Amino acid sequence: MNLQLLEYAVEVEKTGSITRAAENLYMNQPHLSRAIRELEKEMGIQIFSRTSRGIIPTEIGEEFLKYARDVLAKMEDLRKLREKSEQEKQSLLFVSVRGGYIQEAFVRFACEMAGQREFACHLEETDTRSVLSRVSEKKSRLGIVRYPEVYDAYYQKLFREKDLDCRRMMTMQMCVRISEKHPMVRQENITYLDLMNGTEIVYEDEKLPVFGFREPDGYRPQKLYVQDRDSAYELLRRIPGSYLWEAPEAEERRERPGLVQRVCSRPGNEWLDVAVWRRGYRQTEAELRFLKLVQEEAERAVLQENT
């Protein structure tokens, strides 16, 4: 059956007039009348009757039109579903913990997509708990979380409970970002004990304890909480002895204006960055490409961290 004929019939019912329905459908009246007769012949029923009040449905016509409206509504739902699928193919909706290598992968991906019309890229940086929440609640299609390697079994269980699939992107040791004027900047091997008297810069959404070891007596660094990377870096430049824990970066990105990144030893400083998505979700070609770029940047960062 031609769905267009159903649309014609529903419009005639709505207007109660062949003439007005034809005007609304941008067609001539004789053509619409023939289309309605064709539909009635195909169905083997009389859908409409002509009365002094205009065109009205017959008893069986009312039942037919109810089904016709249902069919057209379902077709509209399918159309919207197809449009949504097309939009997802033309967008990247990604939420992640902070990491210079992730940011670099995102920039590379955005540059690749720059020539494509109507392609949207969205990156939100936050903490692990928020990443898991957004992905599991379908507010984001992909995410990257970070946790100490010693807690891997716990997080794998958590992923299963939240019905998430995962893929390890990076195994690393967290580094410290410090000013190029920091007292420890020339020291070859820095440990967390060397930072005891400094001020730790912490992102506001990462207030929860993240290191899985008991801090020694006397290790109570002052902490300043910030919302964004620019504010954190400005504080590092201005507050003597301050530092910020962050993921390792490729060599060419380790030095920022007035700042450097250094390897720093600390008990329990083995970390995992893991990509997560809802179980059963089929990633688009764009998302697979982005994850490949993230993997490349992660490998570069870890390789240079160990050199």
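Is R238 buried or exposed? R238 is exposed, with a relative accessible area of 65%; the terms are buried for under 20% relative accessible area, exposed for over 50%, and partly exposed in between, with a 1.4 Å probe and protein chains only.

1. Basis. This is a predicted model, in which local features need pLDDT of at least 70 and side-chain atom pairs count only at pLDDT 80 or more, while totals for chains, interfaces and linings use all residues. Residues are numbered from 1 along each chain as its sequence is written, and side-chain values use heavy atoms, with hydrogens and water left out.

2. R238 and E234. These two residues form a salt bridge, with 2.7 Å between the closest N and O atoms. A salt bridge here is a side-chain nitrogen of Lys or Arg within 4 Å of a carboxyl oxygen of Asp or Glu. Both residues sit in helix α8 (residues 229-238), 4 residues apart, and are thus separated by about one helical turn. Helices (H or I, at least four residues) and strands (E, at least two) are DSSP runs, numbered from the N terminus. E234 is partly exposed at 33% relative accessible area.

3. R300 and E297. The whole structure holds 23 salt bridges, and another of them joins the side chains of R300 and E297, at 2.9 Å from N to O. In helix α10 (residues 285-305) the two are 3 residues apart, which places about one helical turn between them. R300 is partly exposed at 29% relative accessibility, whereas E297 is buried at 3%. Through shared partners, salt bridges join R108, K292, E296, E297 and R300 into one network.

4. R168 and D152. This salt bridge has its closest N and O atoms 3.5 Å apart. R168 belongs to strand β6 (residues 164-172) and D152 to helix α7 (residues 152-161), so the pair ties together parts that are 16 residues apart in sequence. R168 is partly exposed, with a relative accessible area of 42%; D152 is buried, at 18%.

5. Helix α6. In this helix (residues 128-136), T128, S130, V131, L132 and V135 are buried. D127 caps the N-terminal end, a side-chain oxygen lying 3.3 Å from the backbone nitrogen of R129. That pair can be read against the polar contact rule: N or O atoms within 3.5 Å, where within protein one must be able to donate a hydrogen and the other to accept it, and residues adjacent in sequence count only if both atoms are side-chain atoms. Just after α6, K138 takes a positive phi of about 65°.

6. Cysteines. With a disulfide taken as a pair of cysteine sulfur atoms within 2.5 Å, the count comes to 0. For C121, which is in no disulfide, the nearest cysteine sulfur is that of C111, 9.7 Å away. C264 is likewise in no disulfide, and its nearest cysteine sulfur, that of C175, is 8.6 Å away. C121 is partly exposed at 28% relative accessible area, while C264 is buried at 0%.

7. Nonpolar patch. V71, M75 and L78 form a nonpolar patch on the surface, with about 250 Å² of accessible area together. Patches are made of residues with over 30% relative accessible area and no salt bridge; like charges are joined within 9 Å, and nonpolar side chains (Val, Leu, Ile, Met, Phe, Trp, Tyr) within 5 Å. Areas come from the Shrake-Rupley method with a 1.4 Å probe, and for residues only the protein chains shown count as cover. V71 lies in helix α4 (residues 59-89) and is partly exposed, at 35% relative accessible area.
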